Each structure stands twice: as structure tokens, then as C-alpha cells.
Amino acid sequence: MHSWQLDRRLGSAIVAGIAMLSSLACGSGAQEAGQGGLSRTPRSSAITADAAVCTGTGSHDKHAAYGIGCAVCHPCGGAYQFDPFTYTRGTSTSGGTITLTGTDPATCSVACHFPMGTQPHSITWGTPGPLDCTSCHAVAALPSVHPTLVVENPTRADCEACHRMGDHTKGTVVLVSHGVDWMNSASSGFHAYSANARIASCQACHGADLTGGSTSTGCRDCHDRNLPAGVTSWRTNCVMCHGDKASGQSSPPRATWGNNVPSDTANVRIGAHAAHVTGSAIAPPFDCAVCHVKPTDALSDGHVDEATAKVVFSGLAANRGEPAAAWSRDTATCASTYCHGATLGGGTNKTPTWTRVGQGEAGCGTCHGLPPPAPHPSVSGGLSGCAVCHSDTVDSSGAIIPPSAGGLHLDGFVEGGHDKDWMDKTSTKFHAYSANRGLGPCQACHGADLSGGATQVGCAKCHGAGWERNCTMCHGDPADGTGAPPRTTWGNSGDPLRVGAHTAHVKGTSVAAPLDCDQCHVVPTDAFSPGHIDDAVAKLTWGSLATVGGAAPAWDRTAGTCASTYCHGNYAGTFSYYYWDGTYTARYAGKRATPAWTGSPTACDSCHGNPPRENLSWHGYHNGGNQCQLCHPDATGTVAGVGIGITNRARHANGVVDVEPQWDAQCFNCH
């Protein structure tokens, strides 16, 4: 029996003997063969399979269980030294040492425990095992072909997910292969289940881009075959994992692997996806980005690396106010979305259930009232009345015009029924024409104050703040700020009565001072004042000057004349004065003229005579009349008994007979 084959359990005496023999065979003093000494006959240091027959829990047994032959550490029997052995990747046992403590080795520093660039270090012989992989393999020294670690400090179990440990001490890296069901689509072990659960587990071995990594096998090897038209990579082939391959529609009815039970719309992963992305008779198709962050490809953040697809509302779905649009997976409902009526009045179901497809969750009237409540106007004639304002959305029968046929329902805007000519000043459909016919129809949709109402578009958007008090916006002269025509309201320039003598009255003439609008009209506070725009024509309501002396003026629009106004001669009275020989009384009266609103300008004899002979007073004497200025301070000279002008318009036609005699010598011929 050879000494190196003795069982180390025979006792220390036998071991000592073996050590002595070993020193003769392998010691430094041994003579080589042919020199009269013992020939060196080292045992094989190869890793042997039969070494695994050793059993037990000690360090020797564990080495043997991993196929490390005894001669690797004891090449000459019981001697404590290492026979140089080189593994296939270049790791060698050369230079290793064993440090003894008493009769047993306490530590060893052999390169088996710091392979492939790991810094040399010692391993305590009796350390309970198995050791963590990082006890020998430094993470920083892993080769470049090694995939990125999924965890920062991997455990032995993490490493064993890819490596078969029973073989690695032979110097060959053996990877754990997938099970037999990995490519069986009928099995729950099919690889799609794993990818859907956590694609990071695939990336650990196959690379971050899944092109193969350290395995040299990537997704494209199989999935880049038979791609749909226009698709160039499995990463952008949305119907590979979900959706409808036949139609190319990427959203369910087919959910992802492992999540397709039940396989109908009761499954929250399926639900109303098809109804949203394909559209319906009342709604257009919606892009995935309305409810999700749309991935660039399969590896985009938040796509496959989450348990469920994130719901992030944007675009049309996002509410234009508060609260923000929200999704509850627990109840399978969305809330406060624009497309389900968040900004509209009324509606019976603004939190539709995702899985109740075809059960009226989004029927007509669920998102807004029929009609919506105020400030929306009332609607007569049922749904057919909607077409009056929403002709691009609803037809004359009251049916929604399908978006596929050009209908504008659910396009993000409230169509008010106005066509392109509504803002065209050259068109008879320009909106000012409608406003001039009365603000009532405008207020029905745009609110009582025309600030927007249900349409959210008000007059101030174009006309600016305070437009309702800007008299020259609709009529009058913007240059001088007078609200009276010559510029009449839109659509009425052909009616001469709407212009007429407005300018002569509000700016004054050579014989009359300017008059305020309130002498003929109720002056409005703003455009909404009663009697202003809400009638076909402005109402005439006579002011204080027109009614002096109890006059009862009248306006005849058919004839285009006014009558019985003080300012046009409807006055009469007496004037008394004193002289040395007594008191004198003179009568006076106007012509009671009925001037034409569109007629010629008034002159000195339009409202009373020139001189006034109607009163049989002294105006009729003195060879044709007196000089006006002798008694009236607002008059100027007379030629041939006829007045020629007014010097002070404020004292003429002002409701008072101004008499201030200016006596001169000729007066005393009679007086």
C-alpha cells in the first residue's frame, strides 16, 4: 500500500510516517533517480471525478465533493504543499501556501480562491460553507463579457440562477439552461410569462438590449422573423405580446401572457381598450398616449418593467381644470376626464366602469345633460334642436354625426354652430349683423354678460375689456368718440333714417348747441341696458329740452319726421315789459315745425319766423322788422329785416326766451 493512499483517520502516528516518507520522496534533500536516491513520484494533481465519492461535512470532504482531487493540495502524500495546476482560464495553484496552527492547517492562500484578477487573500480552512461566490470572485474583477449585475451585492443564490456550481471548479463556466417548457407556448413555463413578470431577469444574461449578452442568444433570433408590414424589429412589434395580430391593433383584446384570464372585457387588462382605440359612432379613435406613456419600444422605461402599464392621462383625456383626471384600478373606473364630461354640465355617469363594455357606460347623456343645465340655453324639439348650434356634431334628426363621416364630437372643442363667415367682415353672416338684430340669441350660448357662458368664448376675447361701454364699437364715429352715426350699426347702412340728422344734433350746428343723446333716447349704461340692442331699432324717449312748456313730442318713423318738439318751434307764450307809460305784454309762438330727419339743415326761419311775425308783436313793425340783436343777446345783425346768425348757441333753443333790450335812439321815436 502506498503511503499517500492511507486513510488520514489511522491516527497521527501513521500520518507522521507518511510525512517522513514524503520528505524523502518530495523533500528538498531527495536525490533524483540515477543519483542513488529515491526517485520523485508525485501523484496526479488533476481534478478527478472519483474524488466526489468522499462524503462528510468537513473542508476535505467539501473539496472532494466539488471534484478537487487530494493530490491538488497533497501532491506527495501528506505533505502540505501545492502541486502547480493551471485551469482552462489561466488560474493556477502555483505559489499557494498553507499556514499551520499546531498540527492542522488554519489558512490557505491558493489562487483557486482568487481567480481571474481577484486580489490574493487567505481563506480560513474550517470556515463553514458553502462560501458565497464573492468570497472568491470580486465583483470588480468580473470579465467584460459578464452581464450587468441585477443586484449590487449578489448572493450565492443570485449567481446560481445562471451558473451551475458543481462544474465551475473544473475551470469551465457552465451556464444554467432554461427548462424544457421555456419554448412551449402551451406551458406556464413559457418564457413570455417570465418576460412579462420582470424583464430585468432576462437582461441579466441576455444583455440590457436583449441581443444576447453572455449567452449569445437574443430575442431577435426568433422574434425578428415574420414581422408585420412596416415593422423592422421585435422591439417595435406591439402585437408580439398583446393586441390583435390580425388587425395590427396593439391594444387588447389579447392581454399579455399570463394575464389573459378571463379573456373578455371583464378582465381589467382588456376592458374597453378596443372601444377606445377603434372608435365608435359617437367617438373618434383615441391614441394610446391619451391614457398611457406611449413607449418608443418594448424596452422603454415604465413599459415591461412594471407589474401593470402605468395610466398617465394627457391630451384630450386630461381635465382642463381641477380635479385632475384619475384612474382607480381597484374599481376599474376613471374620473374627471374631459372625454367623459369633466368640463360639461349634467351627465349621469362621469366615472364609467372600464370593464362594463356595451352596457351604456358612455351612452348619450352620460357625459353631459340633454341639454346641459344653465348657462346652456334650453332646447326645443328634442335632440334635433341641438343641430341649431351644433350642426357639425349633430344632424337634423338629433343623431351624432360619426367622426368617421367628419363629425366633430369629442374633438376637444365645443362647436357653436358658427361657420367661417362668422368672423368675415365682408360677409353678411359676420357676427355683428346677428348681434345688431338682438343679443338674446348670443346670450343663450355665450352667457347673459357675453363673457363666454357654455362656449367659454366671450366678446372681450377680441373686443377687449370694457367693450360693452364702447359706443363707437358698433356705431358712431371712432375718430371723435361720438356714439351717434354717421356710421350706423352693421347691416343697416342702407337705412337713411338710422343716420339722418344724428351728427347735427350731437355736434351742433350754426344755430344750435350740441345736444346729448338723452334728449331723444334713454342713454344706456352699457350694451346690455334695456331698450338698447334688445329691440329692432333704438327707442325714442324725449328729454327735458324737447318737452319744455309741456310739449308732447312724437316721432313718425314711416314719415321720418318728429313733431311737437320745443326745439323745433312747439312753444308759445307772452313777454311783459315795463315802460314809463305803462306795462306792455307781447305774445310769441313758434312754427310747430315737423322737420324731416333726413331733410335739409335748419335755418333761422325753420322753427320761427325771421322775424317772428306769428305773435303780432313789434317784430312785425318798423319797415319789415327790428334788428334781432337789439333784444336777443345770442343774435347778430339783421339785413333788410332778416336775421343773419347766432352768436351764442348756448342761449339759443335752450328752453328760455332770452330778452335783454339794447335801447338806442331810434327806439324813442315811438317810445
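Guide: Leaving aside neighbours within four places in sequence, Arg651 is in contact with Pro633, Asp634, Asp658 and Glu660. The model is predicted, and the description that follows should be read accordingly. Arg651 belongs to the segment after β11, a strand that spans 642–643. With a relative accessible area of 28%, Arg651 is partly exposed, because that value falls between the limits of 20% for buried and 50% for exposed.

The side chain of Arg651 makes a polar contact with the side chain of Glu660, at 2.7 Å. Arg651 also meets Asp658 in a salt bridge, with an N to O distance of 3.7 Å; this pair qualifies because the cut-off for a salt bridge is 4 Å. Asp658 has a relative accessibility of 15% and therefore counts as buried, whereas Arg651 counts as partly exposed. Further along the chain in sequence terms, Val511 is 140 residues from Arg651, and the C-alpha atoms of these two residues are separated by 9.8 Å.

Side chains of opposite charge can pair when their charged atoms come close. The chain has nine salt bridges by the rule applied here. One of them joins Glu361 to Arg356, and the closest N and O atoms of that pair are 3.0 Å apart. Glu361 is buried, at 14% relative accessibility, while Arg356 is partly exposed, at 36%. Another salt bridge joins Asp495 to Arg498, where the closest N and O atoms lie 3.4 Å apart. Asp495 and Arg498 are also linked with Arg557 in a network of salt bridges.

The cysteines can be taken next. A disulfide is a covalent bond between the sulfur atoms of two cysteines. In this model the count of disulfides is zero. Cys241 is in no disulfide, and the nearest cysteine sulfur, that of Cys219, is 8.9 Å away. Cys241 is partly exposed, its relative accessible area being 35%. Cys288 is likewise in no disulfide; for Cys288 the nearest cysteine sulfur is that of Cys238, at 7.2 Å. These separations of 8.9 Å and 7.2 Å are to be set against the cut-off of 2.5 Å for a disulfide. Cys288 has a relative accessible area of 27% and is partly exposed.

As for secondary structure, the chain contains twelve helices and eleven strands. Among the strands, β8 covers residues 572–579 and β9 covers residues 582–589, and the two pair in the antiparallel sense over eight bridges. Two residues lie between β8 and β9, which form a hairpin. Within this pairing, Phe575 stands opposite Ala586 in β9.

Finally, some values describe the chain as a whole. Of its 671 residues, 31% count as buried. The accessible surface comes to about 38,500 Å², and carbon and sulfur atoms account for 57% of that area. Among contacts between residues at least 6 apart in sequence, 37% join residues at least 24 apart.

Terms used:
Residues are numbered from 1 along each chain as its sequence is written. This is a predicted model: local features need pLDDT of at least 70, side-chain atom pairs count only at pLDDT 80 or more; totals for chains, interfaces and linings use all residues. Side-chain values use heavy atoms; hydrogens and water are left out. A salt bridge is a side-chain nitrogen of Lys or Arg within 4 Å of a carboxyl oxygen of Asp or Glu. Buried means under 20% relative accessible area, exposed over 50%, partly exposed in between (1.4 Å probe, protein chains only). Two strands pair if DSSP finds at least two bridges between them. Helices (H or I, at least four residues) and strands (E, at least two) are DSSP runs, numbered from the N terminus. Contact means heavy atoms within 4.5 Å. Accessible areas come from the Shrake-Rupley method with a 1.4 Å probe; for residues, only the protein chains shown count as cover. A polar contact is a pair of N or O atoms within 3.5 Å; within protein, one must be able to donate a hydrogen and the other to accept it, and residues adjacent in sequence count only if both atoms are side-chain atoms.
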